[in-house]
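Please keep the sequence and the structure in view while working through the points.

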Amino acid sequence: MNTHWRSFDPDKGSSPAVALRVDVSANDSEAPTHQHRKGQLVLALRGGVTCEVPDALWVVPPNCAVWVPSHVPHSNRVTPNARIFLLFVEPGTAAMPDKCCTLSITPLVQQLIERLADLPHDYEPDSFSGRLARLLLDELSTMQVEQFHLPISSEPRIRRIADALTRDPADRSTLDAWARRVAMSERSLARLMLRETGLTFGRWRQQLHLIVALRELAAGASVQQVSADLGYESVTAFITMFKKALGKPPARYFASLTRDR
């Protein structure tokens, strides 16, 4: 990411909302775990973003955004050649969720964020920037919440499995095989997974595949490539999983993100 983004301190000023435009180079870019006083919205216009917080992994497909509340530790990973906007929101200035979530973003909110990114970060409440920020925050608080996240536990054995499958999502090891790797019985691991994440192992791994698929498809990868990278036996099987989860096959889903705007 560019130097301006790297050196920017969102907590330096007290403006209600500050926006930054970020263009990512050809390589993946990752911001290590950090936190700040202001809440942060990450909006993806092109490419995909994944945001990791202590208990979950969130995905930001195009025309959506992930909201990270104030003081929540988080890291962001952006796909190559992405275009994103970062919006930093002063606590108490907008009725935003108190937990991380993915939001659908309307064209109006996107345009307001883009316009605010072109303006000085410090402004008076009754200035043009101040009035624009108030409108933006009012609109932002009404955005629809989407369920694009993967529960991740800090429990060491669950975390070990999560880290391994995040590195190699094509690993099709059975629950029994994973249980042996973490020195547990299959039944005990099944109970632990359900208690820590709220999902069975099969549903949890499918959600991981969906998160990875959304990020890679948003970055321009083909359905065939993503299907192979996730270890599916056929493209049809992958499309069936995707459609069951999001209601549409990949091509129609991404087309609708643009058409519905």
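Is A65 buried or exposed? A65 has a relative accessible area of 0% and is therefore buried, since buried means under 20%. The model under discussion is a predicted one.

**The surroundings of A65**

- A65 is found in strand β6.
- Leaving aside residues up to four places away in sequence, A65 touches L41, V42, L43, V60, C101, T102, L103 and I105.
- A65 and A44 are 21 residues apart along the chain, and their C-alpha atoms are separated by 6.3 Å.

**Cysteines**

- The structure contains zero disulfides.
- C51 takes part in no disulfide, and the nearest cysteine sulfur, that of C100, is 6.0 Å away. A disulfide would require the two sulfur atoms to be within 2.5 Å.
- C101 is likewise in no disulfide; for C101 the nearest cysteine sulfur is that of C100, at 7.5 Å.
- C51 counts as buried because its relative accessibility is 0%.
- C101, one of the residues that A65 touches, counts as buried because its relative accessibility is 6%.

**The buried face of helix α2**

- Which residues of helix α2 are buried? In this helix, which spans residues 107–117, they are V109, Q110, L112, I113, L116 and A117.
- Seen down the axis of α2, these buried residues fall within an arc of 165°, so they line one face of the helix.
- An α-helix has 3.6 residues a turn, so residues three or four places apart point the same way.
- The cover over the buried residues of α2 includes the strands β1 (17–23), β3 (39–46) and β8 (83–89), together with helix α3 (128–140).

**Helices α7 and α9**

- Two packed helices are described by the angle between their axes and the distance between the axes.
- The axes of α7 (residues 201–218) and α9 (residues 235–246) come within 11 Å and cross at roughly 100°.
- Helices α7 and α9 are therefore roughly perpendicular to each other, as angles from 65 to 115 degrees are described in that way.
- On the α7 side, the contact is made by Q206, H209, L210, A213, L214 and L217.
- On the α9 side, it is made by F238, M241, F242, A245 and L246.
- The residues of this contact between α7 and α9 comprise nine nonpolar, two polar and no charged.

**Helices α4 and α6**

- At what angle do the axes of helix α4 and helix α6 cross? The axes of α4 (residues 156–167) and α6 (residues 186–197) cross at roughly 85° and come within 10 Å.
- R157, I158 and I161 of α4 meet L189, L192, M193, E196 and T197 of α6.
- The contact of α4 with α6 is made up of five nonpolar, one polar and two charged residues.

**Residues with a positive phi**

- Most residues other than glycine have a negative phi.
- H71 has a phi near 65°, a positive value in a residue other than glycine.
- H71 is placed in the loop between β6 (64–68) and β7 (74–78), and its relative accessibility of 48% means that it counts as partly exposed.
- A183 has a phi near 60°, which is also a positive value in a residue other than glycine.
- A183 lies in the loop between α5 (175–181) and α6, and with a relative accessible area of 71% it is exposed.

- R181 lies in helix α5 and is partly exposed, with a relative accessible area of 37%.
- Not counting residues up to four places away in sequence, R181 touches R160, D171 and S173.
- The C-alpha atoms of R181 and R157 are separated by 9.2 Å, and the two residues are 24 residues apart along the chain. R157 is one of the α4 residues that meet α6.
- V78 is in strand β7 and is buried, with a relative accessible area of 0%.
- V78 and A255 are 177 residues apart in sequence and 21 Å apart in space, C-alpha to C-alpha.

Conventions
Residues numbered from 1 in each chain as written. Predicted model: local features only at pLDDT ≥ 70, side-chain atom pairs only at ≥ 80, totals over all residues. Heavy atoms only, no water. Buried < 20%, exposed > 50% of the residue type's maximum accessible area, 1.4 Å probe, protein only. Helix = DSSP H or I, 4+ residues; strand = E, 2+ residues; numbered from the N terminus. Arc of directions from axis to C-beta. Contact = heavy atoms within 4.5 Å. Axes fitted to C-alpha atoms, helices over the stretch in contact; angles between N-to-C directions. Parallel < 35°, antiparallel > 145°, perpendicular 65-115°, else oblique. Nonpolar A, V, L, I, M, F, W, Y, C, P; charged D, E, K, R; others polar.
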